[in-house]
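Subject: Structure for your review

Hello,

Please read the two side by side.

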Amino acid sequence: MREQIVPRVVGKMLIPYVLLFGPYVITHGELGPGGGFQGGVILGSAVILHALIFGVRESRKALPRGAIDVLLGLGILLYAGVGVLGLLLGGSFLDYSVLVKSNPAAAEALGMTLVEYGVGITVAAVMITLFNKIAGER
Amino acid sequence: MDSVFLYDVTLLALMTATALAVVTVRHLLAATMLLGFYSLLMALVWNNMYAMDVAFTEAAVGAGVSTILLIGALVHTGTKEREDGKKHWPELLLVVVTGAVLIYGTFDMPPFGDPSAPIHHHGAPEYILQKVGKAAAHGSEDESGHESHAGAGAGSAHGDDEFAGHVPNLVTAVLADYRGYDTMFETAVIFTAGVCLVLLLRPANGRARRRRGRRDRRPEPAEEAP
């Protein structure tokens, strides 16, 4: 698809917005429809769109394989890390209310957002890995 | 006639037609696109049930990413289905019987949308009001925090819940907070799938490919044993 002008231009215009929409969906997970899984898929699909239009090799330059592998583990690490942080601050595992001592209710929302980002990062990395394995490598 | 009913019947007819088309069409690329269309219709069904999060996932994963992944797989397999004139009667019988049993099982379920169904009364009201009793375990410190924040959250649907109105989307409250363990291990499952993919589909170097070839030629160990 590298020589076709319409997908290139439209893709170039769309990708930044898709990249922005993913974190929006994750961050607003507790306010409206969406959450870590959906936002992660949207984030991953932005990278997949880039790879579809400009080729897997170009996509690899923008986001090396090592970085994707690190993100793969980073997401679940963030999730479990928030849980352990609750333990260290004197609560139980995955108890977010102790994260901010002065305002437990807001701390719950903060913990949920962090955890959703963990889910989103892992899901996005898995989606990109899936696509790269199927499309890129023989 | 009830407009929701009409909408549902229209969607069901469209989905049945799409599913039949997916089964009958011979061109695999067309079948993949039809599957994406099926997912979009399914997202409309979820939308109709006010299950926005599920609709969102269906549209993003079912219609979006999985279609792309299937097309990516088609690049390797080719887009023509192998002609196979045989009819598989035992398989058809099995599928029909299983489907009949499942439909028979739905006769015992309460009618669709029945507010007096058991599922709406056991636990669900507490989760919807977000008053499950999490905060009570923390003692008085939490309570004071709630009260100081109640004024700010009073404008929301329920400012006096366990999150002081911070989490209006109760689906996220259940997934990320009340059922945080479940979601964490779901993420672990996705992570494991990704790691397995990296390990299994690593580009095979020459030695690995030779070894695999040798293993395939070797006779079964069970035959050597006696």
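A:Lys61 is exposed, at a relative accessible area of 63% (exposed means over 50% relative accessible area, buried under 20% and partly exposed in between, with a 1.4 Å probe and protein chains only). A search of the whole structure finds one salt bridge over all chains, and the count between chain B and chain A is zero.

Some ground rules before the rest. This is a predicted model, in which local features need pLDDT of at least 70 and side-chain atom pairs count only at pLDDT 80 or more, while totals for chains, interfaces and linings use all residues. Residues are numbered from 1 along each chain as its sequence is written, chains are lettered from A and ligands numbered from 1 in the order in which they are written, and side-chain values use heavy atoms, with hydrogens and water left out.

Chain A

Chain A has five helices and zero strands (helices are DSSP runs of H or I with at least four residues, strands are runs of E with at least two, and both are numbered from the N terminus). Its C-alpha atoms fill a box of roughly 60 × 30 × 20 Å along the principal axes. Of its 138 residues, 49% count as buried. Among contacts in chain A with a separation of 6 or more, 59% are between residues 24 or more positions apart (contact means heavy atoms within 4.5 Å).

Helix H4 (residues 65-88) of chain A has 24 residues, which should span 34 Å at 1.5 Å a residue, and its end C-alpha atoms are 34 Å apart, which agrees (the expected span is 1.5 Å times one less than the number of residues). The buried residues of H4(A) include A:Ile68, A:Leu72, A:Tyr79 and A:Val82, along with the glycines A:Gly75, A:Gly83 and A:Gly86. Just after H4(A), A:Gly90 takes a positive phi of about 100 degrees.

Chain B

In chain B there are 10 helices and zero strands. Buried residues make up 23% of its 226 residues. For contacts in chain B with a separation of 6 or more, residues 24 or more positions apart account for 57%.

Helix H8 (residues 180-200) of chain B has 21 residues and reaches 30 Å from its first C-alpha to its last, close to the 30 Å expected at 1.5 Å a residue. Its buried residues are B:Gly180, B:Thr183, B:Met184, B:Thr187, B:Ile190, B:Gly194, B:Leu197 and B:Val198. They cover an arc of only 140 degrees around the axis, which puts them on the same side of H8(B) (the arc is that of the directions from the helix axis to the C-beta atoms). The face turned away from that buried side carries the exposed residues B:Val189, B:Leu199 and B:Leu200. B:Leu201 is in the loop between H8 and helix H9 (206-217) of chain B, and is partly exposed at 42% relative accessible area.

Aromatic pairs

Over all chains, the count comes to six aromatic pairs (rings of Phe, Tyr and Trp, the last by its six-membered ring, pair if their centres lie within 6.5 Å; planes under 30 degrees apart count as stacked, over 60 as edge-to-face and the rest as tilted). The rings of B:Tyr127 and B:Tyr178 have centres 5.2 Å apart and planes at 70 degrees, so this pair is edge-to-face. The pair links distant parts of the chain, with B:Tyr127 in helix H5 (residues 124-129) and B:Tyr178 in helix H7 (residues 170-178) of chain B, 51 residues apart. B:Tyr127 is partly exposed at 21% relative accessible area, whereas B:Tyr178 counts as buried at 13%. A:Phe21, A:Tyr24 and B:Phe56 form one aromatic cluster.

Between the chains

The contact takes 46 residues from chain B and 49 residues from chain A. The area buried between them is about 4000 Å², of which carbon and sulfur atoms give 74% (buried area is the accessible area, with a 1.4 Å probe, that two parts lose on being put together, summed over both). B:Phe56, B:Leu69 and B:Met184 supply 14% of the area that chain B buries against chain A, more than any other three residues.

Regards

Methods:
Salt bridge = Lys/Arg side-chain N within 4 Å of Asp/Glu carboxyl O.
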